[in-house]
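Hi everyone, thanks for coming.

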Amino acid sequence: MKITVNGRIAGTKETGCALCGGTWGDYYEEIDGEKLFFCCDICALEFVNMLKEVKKRTGWDRIDEIVINGNYSSGRTCVSKRGQKEYKFYIRFNEDAGVETFKEVA
C-alpha cells in the first residue's frame, strides 16, 4: 500500500509513521500482508480502524493507496484508492483510537 502523510511518503522507519508521519517510536503492524511502521500502538490502531471504516463503506477488499492530510487535533482529510476508484473522506479519532467523526467528502 502506498501511503502519503502530509505530502511525504510514509510507512517505514525511515519515512515515518503510516498515520502521522512521526519518526520516533518503534511499533510495527502487519496490515493487508504488509509490515508498516507506526510511532506508537495508538497510531497503528487508528490506522486499522480507518481502513476498516473505508472498506466497510466502499466494499473494497483492500486499499492500494491512501493520502492523509491533517493531524490528530484538527482531523484528517484523506483520499483512498483502489484501482481506478477513489474515495475521499474526513476522519477524527477519539482518545481510545476509535473513529469519532467520519464524513464522505465530495
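**The core and the sheet**

The largest nonpolar core has 29 residues, and the ones touching the most other members are I3, F38, F47, M50, I66, I68 and F89. By core I mean a set of buried Ala, Val, Leu, Ile, Met, Phe, Trp, Tyr and Cys residues joined through side-chain atoms within 4.5 Å, where buried is under 20% relative accessible area with a 1.4 Å probe, protein chains only. At least two core residues come from each of β1, β4 (34–38), α1, β5 and β7, and α1 gives the most, with 6 residues.

Before going on: this is a predicted model, with local features needing pLDDT of at least 70 and side-chain atom pairs counting only at pLDDT 80 or more, while totals for chains, interfaces and linings use all residues. Numbering starts from 1 along each chain as its sequence is written, and side-chain values use heavy atoms, leaving out hydrogens and water.

What does I66 contact, leaving aside its neighbours within four places in sequence? Its partners are M1, K2, I3, T4, F47, M50, L51, V79, S80 and F89, with contact meaning heavy atoms within 4.5 Å.

Now the sheet: it is open, with 6 strands in the order β2-β1-β5-β6-β7-β8 and mixed pairing. Strands are DSSP E runs of at least two residues, helices H or I runs of at least four, numbered from the N terminus; a pair needs at least two bridges. β2 (8–10) and β8 (99–104) are the edges, each with a single partner strand, so one side of each has no neighbour in the sheet.

Antiparallel β1 (residues 2–5) and β2 are joined by 3 bridges, and V5 sits opposite R8 in β2.

Key. Buried < 20%, exposed > 50% of the residue type's maximum accessible area, 1.4 Å probe, protein only.
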